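Reader: I have a chain open on my screen. Can you walk me through it?

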Amino acid sequence: MSDAIDVTREFLTPVRPWMWLKLALIVFFVGGTGFGGSSFSGGGFGGGGTPSETGTDPVTSVDFAEWLPILIVIGAILLVIGLGFLFVSSLFEFTLLESLRSGEVHVRRYTSRNVGRGARLFGFRVALGLITLLLLGVPLVAIVLSTSEGIAWGLIGLLVLFAIPVVLGFAIVDRFTTVFVAPTMLERDLGVLAAWKRFWPTLTGNWKEYVVYFLLVWVLQLVIGFATMMLLVVLLIPFLILFFILLLIPFVNLLVLVLLIPLLIILSALIQVPVVTYLRYYALLVLGDTDSALDLIPEQRAAVRDGGPDRTGGASAGWDSDGDGPDEDGRGRDDESDPWGRDQSRDDGWNDTDDTVSQDDTGWDDTDSRDDTDSRDDTDSSESDDDRGW
C-alpha cells in the first residue's frame, strides 16, 4: 500500500493543471469505486381503493394509457444515455491504464487505439448486467404475479436473501474485470474472456492475496469515500453561501444554476483524481506481484522498491513517462534521457510548442513522430488469434 502511495505521488507531482483536468475528465466516467449496475425501482400504478359507485373523480383520476408513451420515451432516453456513459467509461478504462503506465495523459491518442478493447469490455459489462437483472428480475416478477391478493412478505424476504450473493458476485466480477482483467487485456492483447482465462490461474493460485486486496479496498473505499465527502462539503460551504445570496438577485439566479452544476462536477472529479490513481496503482502492483508476466508497471515498481525514485538523473532512477512508442521489449519505454519522463525544458503544461519532443502534455491529440501503434504484439504462443475476441 505504501508503494502505491509513492507511485501515485510521482505520477501526480509536480501538479500540472492541464494534466489534472484531463485526469478529472477520465475519472468522471471511470469513477472511484468501479462502475456499478443501475438499479431501477418502480411503484405501482392504480388507485388506493375501489372506485365509488358515483363514478371517478375527474380531478384525481390518471389515465395510464395516456402517460405510457411518454414513460416509454423517457425510459428509452435514459437507457441510451446510460449505455453511452457505460461505453465511454469502458473506453476510458484503457485510457487511464495507458496513462498510469506511461506517466503522461493523452486522451485522444490512448482512447483511439483502444476502441476495440473498450468495445469488448462494454459488451461484457452489458452481458454481466443483463445476467444479474435476469437473476433478480425473474423471481421478482414471479412473486408479483403469484400474489395477486396481497404482498407475500415471506417470498420477498427469500428474494432479498437470494439477492445478497448475486449482487456480491456481480460486484466482485465487475471489480476484478476492471482492475485486473482490463490490464491483462492491454498487456497481453486479449479479449475479455481470453483475459479472464489468462488471469484465472493467477487468481486461484494466489487467492489469499486477492481476498486481502478485496477486503482492504472495500475498507479503503469506505474511509476514503467518507473523507472525500467531508472535504467536498467543507470546500462547498463558501460556494453555497454565495449561491444562496445570488439566488435572491433576479436573472442572476438562473446563470448561477447553470454554472454551479458543472463547477460541482469538476470539483468532485478533481478531488477523486488522487483517490482513483492510488486505488488503480494498488491493484496494478498486486497484479504484478502475483504474476510478473502481467505486470503493467515494472519500471514504477522497481523504482519505488529500490529505495525510491531518483529525480537527479540516471538511467535506473525511474521510468520513462513517454511510453508510447515500442522498443525492444515491446513496452514502449526507451527514453533514458530523463528517467521520470518529465522534460525539464517544457513550460507549465498549458502551452507546448516543442516539435522535437513527443511529450505533449497539453493537447488532446498528439503528433508523435514515432510509430504510435500498439506495442502489445508479444502475446504468448499459446494465445491464438481467435483468443483476441470473445
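Reader: Which residue just after α2 takes a positive phi?

Author: G31 does, with a phi of about 85°. Keep in mind that this is a predicted model: local features need pLDDT of at least 70, side-chain atom pairs count only at pLDDT 80 or more, and totals for chains, interfaces and linings use all residues. Residues are numbered from 1 along each chain as its sequence is written, and side-chain values use heavy atoms, with hydrogens and water left out.

Reader: How many helices and strands does the chain have?

Author: Ten helices and zero strands. Helices (H or I, at least four residues) and strands (E, at least two) are DSSP runs, numbered from the N terminus.

Reader: Back to α2. What should its 14 residues span, and how far apart are its end C-alpha atoms?

Author: At 1.5 Å a residue, α2 should span 20 Å, and its end C-alpha atoms are 20 Å apart, which agrees. The expected span is 1.5 Å times one less than the number of residues.

Reader: Why is α2 called largely enclosed by the rest of the structure?

Author: Because ten of its 14 residues are buried. Buried means under 20% relative accessible area, exposed over 50%, partly exposed in between (1.4 Å probe, protein chains only). Among the buried ones are W18, W20 and F29.

Reader: And how much of the chain is buried?

Author: Of its 390 residues, 40% count as buried.

Reader: Which residues have the most contacts inside the largest nonpolar core?

Author: F180, F199 and Y213, in a core of 59 residues. Such a core is a set of buried Ala, Val, Leu, Ile, Met, Phe, Trp, Tyr and Cys residues joined through side-chain atoms within 4.5 Å. α9 gives the most to this core, with 13 residues.

Reader: What does Y213 touch?

Author: Not counting residues up to four places away in sequence, Y213 touches R175, F176, V179, F180, Y282, A283 and V286. Contact means heavy atoms within 4.5 Å.

Reader: New topic. Which residues make the nonpolar surface patch?

Author: W67, I70, L71, V73, I74, I77, L78 and I81 make a patch of about 760 Å². Patch residues have over 30% relative accessible area and no salt bridge; like charges are joined within 9 Å, nonpolar side chains (Val, Leu, Ile, Met, Phe, Trp, Tyr) within 5 Å. A salt bridge is a side-chain nitrogen of Lys or Arg within 4 Å of a carboxyl oxygen of Asp or Glu. Areas come from the Shrake-Rupley method with a 1.4 Å probe; for residues, only the protein chains shown count as cover.

Reader: Where is L71 found?

Author: In helix α3, residues 64-102. L71 is partly exposed, with a relative accessible area of 37%.
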